[in-house]
Amino acid sequence: MFLMTMMIGQAGPRKLDDSAHLEYLIAQMAKEDVTALEEFYEQTKTSVYGFSLSILKNSFLAEDVMQDTFLKVYHNADAYKPMGKPMAWVLTIVRNLSLMKIRSNKSSDYIPIEDISISDDNDDIQAATDREILYTAFQVLNEEEREIVVLHAVSGLKHREIADVMQIPISTVLSKYRRALTKLKKSIQEEE
Amino acid sequence: MTNKEIQNSLNRALDKQTPDVLHHILSRTNPVAANLYRLDDQVMNPEQESSSNLTVLPSSDKDNTSKSSSKSSATKRSRKNVFSIIGSIAAVFVVAFASYNLYQSSVPQAMIEFDVNPSIALEVNRAEKVVNVTALNEDAQSILGEMNLKNSSLDDAVTTLVDSMVDQGYITDDTNSILISVDAQNDAFGTNLQDKLTGDVETVLSSHSLNGAVLSQTIHENQNVNTLAAENNISVGKASLITALIEQDSTLDFSDLAHLSINELNILLDARKENLKGVLMQGTASTKSYIGEEAAKQAAVNHVGANLADAYFVDSHLDLEHGQIVYELEFYVGDIKYECDVNALDGTMVKLEQENEKNPFIITTPPPVSPVVPDTTPTVPDTTVPDEAIPSSSTPTVIPPTSSSTPVATPPASSTPTTPSTTGYIGEEQARRIAFSNAGVSSSDITSSSSEMDQKMNRIVYKLEFETLTTEYDYYVDALTGDILHVEVENKSNSQNTSSQNRIGVEQAKSIALQHAGVSASAAHDLEVDLDDDGRHYDVEWEVGEYSYEYEIDAFSGAVLKAKVDD
């Protein structure tokens, strides 16, 4: 575990495939172990933020949801029932908080151009390209496609789990995912 | 690029985007904070999700068992089976299949409800003869009047009813929507009726030279929907329609929608391109009583103090906000993106949000920057620099004022409205001034205000919240540059459309409370008067010495609802 976290800087964000460890951390959080929270945060922050951003398309609001999510996770860790799908639980919280945010802010989701804070200082070529692709994704994909693609990219969830979190049929997940990637690839190619 | 490469790319990009909020989180891990975050069924148990109003969505609806929890992430996705039946039929014909037996002539086989404003229910037998007629509200009674429709054919009855409604002005050019709800246990019978009735209604309307918008749906006996209908004082058909709408978009509020007329509901459906299962729409809901998109756009730019010519509109459509039908408009003026909702009837502003953001419709080159050292170097702006930072210059990029927040101004900087301070933060006072001035309020208008420094998106910001009697403002101001990064403005209107003219006003509420308490105005400190969100009472609070007073005064009668003194 320790070695894996050391590699983060080099290889980029780690893919979340260690459900057992996450569940362990949740159990620790239930005992008010703050270091467990810290580690949980480091391992899952991109998933949480990314998913929220894909729903809200607003960095300010997504940041709020991110904070609230971790606090909810921490303060309700004792209520979590280990079923091998910790990320599904966390991301469901993200989704619900995001929807509530939409409701209270009534921010509309038909905005074609989204607010994605993009910092361009210290960007190397790869980071700049990555940013382009992210921006493209937010531009050309519709709500569901965006959410599905982001979940795939950052959360390590399988199709079935994505279907659970988003409360849509798995067949929809599969077809939209395919369509989304096709759209993306097409747009990326057009830009080159 | 392979799928995998794209995914990795997104992963890396999002990882870079993710802000660091750990310290915020850690500061709230104490047990006291736990109370704020403890089990909230709505958030923790998705299977029991309910839209955040009081009502529970029907789970017994046999059409939607799997879909009733697919609240849809607030998406308005169009479904494959889109049917539009628009009818502005005032009457609601509810067809209910009571039983499927041989006593056809007297036993009702279907119940049909007509809703326009008047709400009428008809029961018909297998032979489509009217067996029973019920007026469901007062308007309906005035329609039915002396009519005896029993034993007439359904077609005749419908014709008569619709005629009457047109004559009595319930269906007009401006309000041309009718909802037909059919409750028949035999689906084929029901669908047949639906189609037939829609046709009948349209025929009648066109004989009056009216274009109708007919909405028709099949409904089934459902306890939850019945309860909702009763609670909100609307017909079962209307409640059913609203329920279907909410299932598509859980951000909608039932009672908000219940207050809308069928025409307004229809307009909403139209505007959002909602395709509700089982609901057919034909014709177009009339928006004649609204100011129109052009006028709405003008109103919106007026509200932000800009010129129509300077605005790039990104989107505009009708929607529901604070219980009112509004035009939602999004547009750029320079580098500020606005979202402005204006009331569809009169253009008054209902909501406004703005963000500083690079306008993707304008490719700007950085303004000429004078060199730091005044020497012979020409001041031609280096326009190629932005291109290097961005791989593809043809793609408009969204650049928040991040680069302008660096304290040292290095040429060429991206366009910055203010010179970045090299000495530190601008201070809360200055931030407040910036916010108030942007909002167009003077400090005497402010009823409450708070400010704090925070870190958002890896930037230090001042978060300012303040209110006037009518409006709530949230501002985020960059602590180094004074740029306004994010604004939310909301009218503190209640969602119940009660006329504000009937309220007693804050001044009177204040004096009633003070008088009741036996305190003179001059003795009261930190006095606050607020119209409560529900619009039904004023909250009046103040302090005298060590005592704090809290009052609730009825907004219409001035009665003291609650009085409390604490030390």
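Let me start with a term: buried means under 20% relative accessible area, exposed means over 50%, and partly exposed lies in between, with a 1.4 Å probe and protein chains only. Take Ser59(A). At 1% relative accessibility, Ser59(A) counts as buried.

Now the ground rules. This is a predicted model, where local features need pLDDT of at least 70 and side-chain atom pairs count only at pLDDT 80 or more, while totals for chains, interfaces and linings use all residues. Residues are numbered from 1 along each chain as its sequence is written, chains are lettered from A and ligands numbered from 1 in the order in which they are written, and side-chain values use heavy atoms, with hydrogens and water left out.

Back to Ser59(A). It sits in helix H5 of chain A, residues 59-75. Helices here are DSSP runs of H or I with at least four residues, strands are runs of E with at least two, and both are numbered from the N terminus. Tyr49(A) is ten residues from Ser59(A) in sequence, and their C-alpha atoms are 8.9 Å apart.

Two loop residues in chain A next. Glu32(A) lies between helix H3 (19-30) and helix H4 (34-56). Its phi is positive, about 65°, although Glu32(A) is not a glycine. Gln167(A) lies in the loop between helix H9 (159-166) and helix H10 (170-191). Gln167(A) also is not a glycine, yet has a positive phi of about 60°. Which of these counts as exposed? Glu32(A) does, at 53% relative accessibility. Gln167(A) is buried, with a relative accessible area of 17%.

Who meets whom? Contact means heavy atoms within 4.5 Å. On the H7(A) side, the residues include Ile133(A), Leu134(A) and Ala137(A); on the H1(B) side, they include Ile6(B), Leu10(B) and Leu14(B). The residues of this contact divide into eight nonpolar, four polar and four charged. Here Ala, Val, Leu, Ile, Met, Phe, Trp, Tyr, Cys and Pro count as nonpolar, Asp, Glu, Lys and Arg as charged, and the others, Gly among them, as polar.

Beyond its neighbours within four places in sequence, Leu10(B) contacts Ile133(A), Leu134(A), Ala137(A), Val149(A), Ala153(A) and Leu184(A). Leu10(B) is also among the residues that touch the most other members of the largest nonpolar core, which has 65 residues. A nonpolar core is a set of buried Ala, Val, Leu, Ile, Met, Phe, Trp, Tyr and Cys residues joined through side-chain atoms within 4.5 Å. Another core lies apart from it, with 63 residues, among them Ile242(B), Ala296(B), Ile325(B) and Val477(B).

On to chain B. It has 15 helices and 19 strands. Of its 567 residues, 48% count as buried.

Look at strand E9 of chain B, residues 324-333. Ten of its ten residues are buried, so E9(B) is largely enclosed by the rest of the structure. In a regular strand the side chains alternate between the two faces of the sheet. Glu328(B) and Glu330(B) are among those pointing one way, Leu329(B) and Phe331(B) among those pointing the other.

What pairs with E9(B)? Two strands pair if DSSP finds at least two bridges between them. Strand E8(B), residues 311-321, runs antiparallel to E9(B), with ten bridges. There, His317(B) stands opposite Glu328(B). Strand E10(B), residues 336-343, pairs with E9(B) in the antiparallel sense over eight bridges. There, Leu329(B) stands opposite Cys340(B). In the hairpin of E8(B) and E9(B), His322(B) has a positive phi of about 55°. In the hairpin of E9(B) and E10(B), Gly334(B) has one near 65°.

Last, an open sheet in chain B: four strands, order E16-E17-E18-E19, with antiparallel pairing. E16(B) and E19(B) stand at the edges with a single partner strand each, so one side of each is left without a neighbour in the sheet. Helix H15(B), residues 506-517, packs on this sheet and touches E16, E17, E18 and E19.

Note on methods:
Axes fitted to C-alpha atoms, helices over the stretch in contact; angles between N-to-C directions.
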